[in-house]
Amino acid sequence: MKKITIGEAARRSGVKVPTIRYYEGIGLLSEPERSEGNQRSYEESHLHRLAFIRHARELGFEIEAIRTLLTLQDDPHQSCASADAIAKARLIEVEQRIRSLMALKAELEIMVEGCGHGRVDQCRVIEVLADHGQCMHPHH
C-alpha cells in the first residue's frame with residue numbers, strides 16, 4: 001500500500017492533524033514509520049484505527065473506554081463482554097443526559113409560557129433566573 005502523509009491521513013479520516021498527533025502521543029494510534037525526511041508515513045491500518053476512534057468519540061466514549069475497545073479489537077477471538085459493558089455504561093450515561101435535558105426543557109417551557117410579554121419588571125424569565133428557588137429542579 002502507498003504510504004500517505006499526515007495531512008492526507010487527516011483528510012481521508014476526518015481527524016485533524018493535531019488530534020492525530022495527540023492520539024499517537026497517548027498511545028491510541030501507533031506512531032507510523034518515518035520517511036527519509038522524517039515525515040510520518042501512514043498506512044491503511046492507521047486510517048481504519050482513526051476512523052474507529054473518530055466514530056467512538058462522536059458517540060461520546062471517553063479516551064480510556066476507546067483504549068479498552070481498541071485493545072479488544074486487536075484480539076478479536078476474545079469475549080465481547082467487556083465491549084458490551086462499555087457500550088451499556090455509555091447508554092446509561094446517554095439516558096441520564098436525556099432525562100436531564102427533558103427536565104431542563106420542561107422548566108424552560110414553563111418559564112417561557114409564563115412570560116406575559118410585558119415589561120422586564122414583570123418578566124417571568126427574568127424573575128425565575130434571578131431567583132433560583134423558583135426553579136422546578138435543582139441545577140448544578
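A: Let's begin with a term: helices (H or I, at least four residues) and strands (E, at least two) are DSSP runs, numbered from the N terminus. This is a predicted model, in which local features need pLDDT of at least 70 and side-chain atom pairs count only at pLDDT 80 or more, while totals for chains, interfaces and linings use all residues. Residues are numbered from 1 along each chain as its sequence is written, and side-chain values use heavy atoms, leaving out hydrogens and water.

Now to the charged pairs. Side chains of opposite charge can pair when their charged atoms come close. A salt bridge here is a side-chain nitrogen of Lys or Arg within 4 Å of a carboxyl oxygen of Asp or Glu. Searching the whole structure gives 10 salt bridges.

One of them joins R54 to E58, with the closest N and O atoms 3.4 Å apart. Because R54 and E58 are four residues apart in helix α3, about one helical turn separates them. R54 is partly exposed at 30%, whereas E58 is exposed at 56%.

Another salt bridge links E43 and K3, whose closest N and O atoms are 2.5 Å apart. This pair connects distant parts of the chain, 40 residues apart: E43 is in the loop between β2 (40-41) and α3 (44-58), and K3 is in the segment before α1 (6-13). E43 is partly exposed at 30% relative accessibility, and K3 is partly exposed at 31%.

Next, look at α1 and α3 themselves. Two packed helices are described by the angle between their axes and the distance between the axes. Axes are lines fitted to C-alpha atoms, for helices over the stretch in contact, and angles run from 0 to 180 degrees between N-to-C directions. The α1 and α3 axes are 10 Å apart, at an angle of about 45°. The two helices are therefore oblique to each other; angles under 35 degrees count as roughly parallel, over 145 as roughly antiparallel, 65 to 115 as roughly perpendicular and the rest as oblique.

Which residues in α1 and α3 meet? A9, R12 and S13 in α1 meet E44, L47, L50 and R54 in α3, where contact means heavy atoms within 4.5 Å.

Notes:
Buried < 20%, exposed > 50% of the residue type's maximum accessible area, 1.4 Å probe, protein only.
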